[in-house]
Amino acid sequence: MSASSVRSFEYLESLPGTVFNRLYKQPSTALAIFRRMLPHLAKSFVMAMLYITRPLPITDLETWVRPGSRREQDTAVDLLERLQILKRSVEPGKPRSYMLTNPFASSLRQALAGGGNHKSFGIPSGVRSKDGVTISQLDDFARKQWEGVLGYMVGSTGIGLRDEGANLSPSVKHLLQYGGLVDVKGRNVDITQDGFAFVLQEVNAQVWTILVLYLENAEQLGMDHVDVLSFLFMLGSLELGQAYSKANLTETQLQMLLDLRDFGIIYQDSPDSNNYYPTRLATTLTSDAGALRSASAGFDSALRSSTNDKGFVFIETNYRLYAYTSSPLQIAILSLFTRLSTRYPNMISGKMTRESIRRAINMGITGDQVVDFLYTHAHPQMRKTETVLPPTVVDQIRLWQIEGERMKSTVGFLFKDFSTAAEYEGPCQYARDIGVLAWKNDAKRMFFVTKHEQIAAYLKSKKEKRVEGG
């Protein structure tokens, strides 16, 4: 599951079952969740059971999985249960069975086979291609709007690097502050640690982070969560460059058009227009990570003014920095932790100092984030060396950080009081496998995790299996 999927999955997991029931009535939603949220094994289970009308015993399900992959099987089944896609059936004296829930199964069958008049995949407008908006124009609009959001966060509008760009609405600025991505003090806007991590993400992950914040704020805006989610999942299934009619949209979704336009996710000629165009930011919402990197590589490059394959930053052992870029956004990001001194048409130079790094750290940016950014955007000439970045520079950045830090805190949950070593090792290894294990002590049979929901579900599942076996 990609990083962007994790954030959206965590939000979906918090929803009550009644919301899932309404969501899954839309074939576009069922297809989007199937494509985006599920790992390959879970997808295989769903497709194998899609046309089975009776509960499938767990013994039959286990025959589809190699003996050494039972842990992956448990993870896939647990995920499907939490997304209300799979339900279990327990009868006395028989092994537990599983069956796909409705309306998810019926909606997915309809999405795959076609037919029906549900219109959940949008209503194409009659606008002729020569009278419509070109894909190039949509990309330019999306780049301008999204770069305006990132520029506002890193302060590029405040250091005189941008003379044109997107004018962000008050609601967009409020959402960024609500999500803890920026810290607003009077007229000053400072990026936070979470905000800098956000800027370093790929575009698709950034968009989903913003959309989850929008969902969390929907109730305050008087919006229906189901309408909001259904519309977002529908956008991911639309065709880039095609105009769509607003005729079948609800009041909530019509209000969303105005907000999503501010982010460059939707394009409209005017708020009163009867049509709207999804931009590339919208049509890649439900793409998997591989498809996104290949399908939107050109747009990602335009948005960031560089690609991971062609870096632009040189670092010397004396902490001097040279960046071959004219992008206001990239220059603004570098200015967060570098004292810039000279700017040319296609290059800037500066120096990383104790003061510039400490200033970034005081804003919440970590030394590791600075190192990751420099490594990601290192010039190809620097990548010819074994270490890429000079070790003295990397070490000094981290030393400057720990000057004011002697302890690091991690919010999480402690599991302890296990009766036997076997009882302890199972959930501990599971926590490691799903990436939530922060610390463990085998001697005392205790471990610390950053999230507890999946561990609790794992322990509950193990307990139920012992009861069935007993």
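**A walk through the predicted model**

The protein chain holds 22 helices and 15 strands. Helices (H or I, at least four residues) and strands (E, at least two) are DSSP runs, numbered from the N terminus. This is a predicted model, in which local features need pLDDT of at least 70, side-chain atom pairs count only at pLDDT 80 or more, and totals for chains, interfaces and linings use all residues. Residues are numbered from 1 along each chain as its sequence is written, and side-chain values use heavy atoms, with hydrogens and water left out.

Start with the whole chain. Of its 470 residues, 48% count as buried. Buried means under 20% relative accessible area, exposed over 50%, and partly exposed in between (1.4 Å probe, protein chains only). Among contacts with a separation of 6 or more, 67% join residues 24 or more positions apart. Contact means heavy atoms within 4.5 Å.

Now the helix pairs. Two packed helices are described by the angle between their axes and the distance between the axes. Axes are lines fitted to C-alpha atoms, for helices over the stretch in contact, and angles run from 0 to 180 degrees between N-to-C directions.

Helix H9 (residues 170-178) packs on helix H11 (residues 203-216) at about 95 degrees, with the axes 10 Å apart. H9 and H11 are therefore roughly perpendicular to each other. Angles under 35 degrees count as roughly parallel, over 145 as roughly antiparallel, 65 to 115 as roughly perpendicular and the rest as oblique. H9 brings Leu175, Leu176 and Tyr178 to meet Ile210, Leu213, Tyr214 and Glu216 of H11. By class, this contact of H9 with H11 has six nonpolar, no polar and one charged residues. Ala, Val, Leu, Ile, Met, Phe, Trp, Tyr, Cys and Pro count as nonpolar, Asp, Glu, Lys and Arg as charged, and the others, Gly among them, as polar.

Helix H12 (residues 225-235) packs on helix H13 (residues 251-262) at about 60 degrees, with the axes 9 Å apart. H12 and H13 are therefore oblique to each other. From H12, the contact takes in residues including Val228, Phe231 and Leu232; from H13, Met256, Leu257 and Leu260 are among them. By class, the contact of H12 with H13 has seven nonpolar, three polar and one charged residues.

Move on to helix H19 (residues 367-376). Its buried residues are Gly367, Gln369, Val370, Val371, Phe373 and Leu374. They pack against helix H10 (193-199), S9, S10, helix H17 (328-335), helix H18 (354-362) and helix H20 (391-402).

Next comes a sheet. Three strands form an open sheet in the order S13-S15-S14, with antiparallel pairing. Strand S13 (413-415) and S14 are the edge strands, each pairing on one side only. The twist averages 15 degrees from one strand to the next. Two strands pair if DSSP finds at least two bridges between them. Three bridges join S13 to S15. Phenylalanine 413 has valine 449 in S15 as its bridge partner. Helix H21 (residues 421-433) lies across S14 and S15, running at about 150 degrees to S14.

Last, some backbone details. Most residues other than glycine have a negative phi, and most peptide bonds are trans. Arginine 445 has a positive phi of about 55 degrees. Arginine 445 sits in the loop between strand S14 (437-441) and strand S15 (446-449). Its relative accessible area is 29%, so arginine 445 is partly exposed. Tyrosine 319 also has a positive phi, near 75 degrees. The loop of tyrosine 319 runs between strand S9 (313-315) and strand S10 (320-323). The peptide bond from asparagine 102 to proline 103 is cis, with omega near 15 degrees. Proline 103 lies in the loop between strand S3 (97-100) and helix H7 (104-113).
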